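Biologist: I'd like to go through this model with you, one topic at a time. Can we start with the charged pairs?

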Amino acid sequence: MSDPGVQASLHKNLKTTLPRINNYINSTRFREVNLVDRLYPDSSSVELSHWALPGGSGAWEQWTFNTIVTQTFTPVSVGSSYGPTWTTHWFRLVFSIPDEWAGSEVRLRWASNSEAAVWSDSGQLLQGLSTGTSYMYRPNYTITTNHQVGQTGPYTLYVEMAANRLFGASGDGDNISPPSPDLYFTLSRAEIARVDQQVYKLTRDLEVLYQLADKLVDLGDQRGYQALYTANQMVNSIIAGQDSVASSLADEYFSKGNGSRAHTLAVMGNCHIDSAWLWPYTETKRKVARSFSSQLALMDRYPEHIFVASQVQTDRQSLEAQQWQWCKQYFPELWTRVKERVTEGRFIPVGGTWVEMDGNIPSGESFIRQFLLGQKFYQNELGITCKEFWLPDTFGYSAQIPAIMNHMGLKRFLTQKMSWSLVNKFPHHNFTWEGLDGSTVLAHFPPGDSYVMSVTVEEAVRTERNLQDKGRASTSAFLFGYGDGGGGPTQDMLERTRRLADTDGCPKATLMTPDQLFTQLESDEHNFCRWVGELYLELHNGTYTTHADMKRLCRRAELELRDAELLLSQAIVILGVTGVAQLLQESQVALEEAWQNVLLNQFHDVLPGSCIGMVYPEAQTMYQQAIQAANTVRDNAAAAIFGSSGEVTDVLVNTLPWPRVEVVTVGGNPTLVSVPSMGTAPPDPQTPASQVMLTEVDGTFVIENGLIRAEIDFYGRVTSLRVIGDDADHDVFQRPPGATSGEQLYGNQIVMYDDEPLYYDAWDVMDYHLETPLVLNDADVFLQSGYSVSSPVVVENTPLLCSVRWGVTFGSSTFTQDIQLTADCPHLTFLTSVSWGENRKIIKALHSTSLYTNSASFDIQFGHLERPTHMNTSWDSARYEVCGHKWADLSEPDWGVAVLNDCKYGWMARGHTLALSLLRSPKAPDDTADMGNHTFKYALLPHQGTLLEAGVVQRAYEFNVPILTIQAPPDRGLESWVRVLGQGVLLHTVKPAEDGLGEVILRMYECNGTRSKVTLALQWPVTSVKECNGMEEAGVDVPFVQDAGTTSIDLAFTPFSIKALRLTLQ
Ligand SMILES: [Zn+2]
């Protein structure tokens, strides 16, 4: 550069220097001279023709590439639009590459404001494309990195365009609004272009230097100033036409490495693809293929690149299906290439589960099956067993997860979602997580608090600075890559990773596998703190209630599958391993498919209820198919057990491991029956210890059965509830003598609240909803226009069953309830029907009790836990809506009350009030969520003694697992297949082993939180008993004794521990 004799200021003004640099790498200013405008010096149009694939969402699944390319394509031009929403459009692109471009990289540049994929003319899926109005996620495809003279073509490529965006198809610009059915997408660019490689390099260099200057100058770091000066000098060189000088300046900067104390970022490419969310399952299959193919293309070019992918998933048409299996089924050619990279260790399956499931609602057994079927797939298809549980995006994590992980042989856990908590910042990114039974796992949260980073200096510095465990850990995961439809890492991200690999001033960006990361963390684990109990996410707590149909069907399917597996196991005993072979084989195929349906729909937007409406009919169908399959297996197994020829009659089956005496319907009539533990009995009527009585005095109904007594008022509220014979005169809803406040307490208050979250409608029930209660069943309801209560009337009054019916009409809804008591039953049941038509309201059944306690107990997966009912700390206060399963309980040391339910998960325990959330009515992303009819039941179970002494756990199972009526020969008498002698151990699962060899798995858990010793007594011809893990791998021998056809096994359990046995039968 010549020197005119006047020097520019050496005092760089940040406010002018930084924007000047930035204008060279962004497209809005310094047009034509900036690097962006110089990247493509030459371009050429393509000859474009189009064929619209007939049909809407999912229609593509019926077409093969070879058939598609024989269709009639019509010439079109850039500027035309394609739709409507969810349709598919194929484009044929024919072009020649000029000889003058020899030696250059040539790209296809595409912009359709939609998702798309590039195919070769031989039918190879080459890469995904994803462009939007505000952001170009993946706008080009590299046709060649080095064009050769004479190879001008013509060439043909195909582009498959999906008429939806990365985040679905909302019509108003807000991603979570319900999709618009009539969107059209304009093709605004389709051309080939030559890349100036020097300009591309300079763009990435300048970009990273700009980021370093922008971030580090702020922090007073002198490397930031060096970056600023270097970048500014590069701009001067670029203006002078000296690109190579500019390039050398950058190289010089990046050559200065870190010292050994620098924090290491374990950089991993990933793309978090929600299996269904703002789009249906069918679109995810293509998102997976686009993303996987994009990563393979990058791996060809960047040998250091590794990519991690989670989630095996099924397709309901076939057992052969998954996100990995979807790839296998729908894109076999791509699958072959993926497998090669898996073998190389660069395409890495993580997580081990079938899908990234909800972390609160699935049962303990479902959690285990997520791992069992997930790992089985990875082992069978890829020869890999995942070593870590990978669940970055789920809305809270059950306290029993560490025990379940240990049962499955896993010790490593990764998530980042806890960073979303609204109130309290989680105090660790690395910690030993201790679960309900004392089991521990190593937990890591990527300190960047994200799994969709794009490798910027800001993210790298944030990751290091945000780390909560400074001094305890020297390595942190750094997950980068666009999620959902963005296709994962991009070339630009990988180029930035190279520049940040070891650059002084910034943490080291080291490409690392999850195994390498966790191995490093394990070496530091002795320094880590311990977190005991659940990881409660202080957000998204409306998802315990939204889309009640998903919760109801999930609970139903889990328990129907449990019944089916027990009966199938008993069929093995009856027919023998050889005799049962065919039945077992057919049934296990059906059960595996059923479980896959259940597991898929436990995905962390489907079960929580946060998907668009079009996902739910399909999910309902899959759940119903699973239930149907379970019932078929159950019935076939029953036929094998009992014989199916000749005269048959009703026989009762109890699948729970203790004897039951209950009122069931036999021949259309309520009948008190008795059935032994995991066994059968004829439906012989039993005489109740006491008859049920229903009387009315001045509009108050008194209902009692010798065990409990309840009073129900004019509004359907419970004003008194007590255990008969309780000498201390405890009443759940009557204040004790001497109480300072005299206000009446009520059970079964139906309360509606405004439920207008700040943003995430389907996800959140905010703290402030509690400020807007409207009791629907008290005198004030008549002040509301159009609201009315119909007071209780008697609907049943027999010695075995009494019930009264009441209801309330409000808003656009009606609520009807039968309050029922049966003979020999310790709880009062509320059989509820709701026609629900509200807008952003939540209703709860609220029970304000007389109990004095500071904590409530909640049923969770294979155990229960206590949570405070006060708001002493911000952590307590933030847990105003919590997750529980079949029951929750408020107790004083010697008495209490439990609330049971058959399909609900949202609870509030505040002071002495326990509330069960019944229904919500969010409007985004599904504006029809929960509208329509619902039936469900809950119950109040007053008890003497502790909840354990009262058998709350067992009563809640009975409330959910009905005694079955099946057909069998009339000579079939009383039999008990399996008994558990002793307290505290719940035999939950009895199932045939997955390997189809006819061995049987028993899974138990300690349900009281005590040390328990029990004896299993099996009427089975057992030849071997071994301990096994959740993967059903046999461990040590367990001693057993056989006497007169009974096999006895003594077992000892620590509190809330999970144990499984593998039994060989004769
Ligand atoms: Zn997600």
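Biologist: Arg499 and Glu495: buried or exposed?

Modeller: Both Arg499 and Glu495 are buried, where buried means under 20% relative accessible area, exposed over 50%, and partly exposed in between, with a 1.4 Å probe and protein chains only. Before going on: this is a predicted model, local features need pLDDT of at least 70, side-chain atom pairs count only at pLDDT 80 or more, and totals for chains, interfaces and linings use all residues. Residues are numbered from 1 along each chain as its sequence is written, and side-chain values use heavy atoms, with hydrogens and water left out.

Biologist: What do Arg499 and Glu495 form, and how far apart are the closest N and O atoms?

Modeller: Arg499 and Glu495 form a salt bridge, with the closest N and O atoms 2.8 Å apart. The term covers a side-chain nitrogen of Lys or Arg within 4 Å of a carboxyl oxygen of Asp or Glu.

Biologist: Where do Arg499 and Glu495 sit in helix H13?

Modeller: They are 4 residues apart in helix H13 (residues 491-499), so about one helical turn separates them. Helices are DSSP runs of H or I with at least four residues, strands are runs of E with at least two, and both are numbered from the N terminus.

Biologist: How many salt bridges does the rule give?

Modeller: The count comes to 64 salt bridges. One of them joins the side chains of Arg109 and Glu191, at 3.3 Å from N to O. Arg109 lies in strand S6 (residues 105-111) and Glu191 in strand S13 (residues 189-195), so the pair ties together parts 82 residues apart in sequence. Arg109 and Glu191 are buried.

Biologist: And which residue meets Arg879 in a salt bridge?

Modeller: Asp876, with 4.0 Å from N to O. Arg879 counts as partly exposed because its relative accessibility is 22%, while Asp876 is buried at 9%. Elsewhere, salt bridges with shared partners join Glu115, Glu160, Glu283, Arg286, Lys287 and Arg290 into one network.

Biologist: Switching to rings. How many aromatic pairs are there?

Modeller: The structure holds 52 aromatic pairs. Rings of Phe, Tyr and Trp (its six-membered ring) pair if their centres lie within 6.5 Å; planes under 30 degrees apart count as stacked, over 60 as edge-to-face and the rest as tilted. Ring pairs link one cluster made up of Trp51, Trp60, Trp63, Phe65, Phe73, Trp90, Trp119, Tyr158, Tyr330 and Phe331.

Biologist: Which ring does the charged end of Arg107 sit over?

Modeller: The ring of Tyr200, 5.4 Å from its centre. Arg717 lies over the face of Tyr746, at 3.7 Å from the ring centre. The test is NZ of Lys or CZ of Arg within 6 Å of the ring centre and within 35 degrees of the ring normal.

Biologist: Now strands. How many residues of S43 are buried?

Modeller: For strand S43 (residues 895-901), 7 of its 7 residues are buried. Trp895, Val897, Val899 and Asn901 point one way, and Gly896, Ala898 and Leu900 point the other way.

Biologist: Which strand do 6 bridges join to S43?

Modeller: Strand S42 (residues 887-892), running antiparallel to S43; strands pair if DSSP finds at least two bridges between them. S42 and S43 form a hairpin with 2 residues between them, and Trp887 stands opposite Leu900. S43 is also joined by 7 bridges to strand S46 (residues 932-944), again antiparallel. There, Leu940 is the bridge partner of Val899.

Biologist: What order do the strands take in the open sheet of 4?

Modeller: The order is S47-S24-S27-S48, with antiparallel pairing. Strand S47 (964-968) and strand S48 (975-976) stand at the edges with a single partner strand each, so one side of each has no neighbour in the sheet. Strand S24 (residues 649-654) and S47 are joined by 5 bridges, and Thr649 stands opposite Ala968.

Biologist: Last one. Where does Arg346 lie?

Modeller: In the loop between helix H9 (332-344) and strand S16 (347-350). Arg346 counts as buried because its relative accessibility is 11%. Leaving aside neighbours within four places in sequence, its contacts (heavy atoms within 4.5 Å) include Met299, Tyr302, Glu304 and Arg341.
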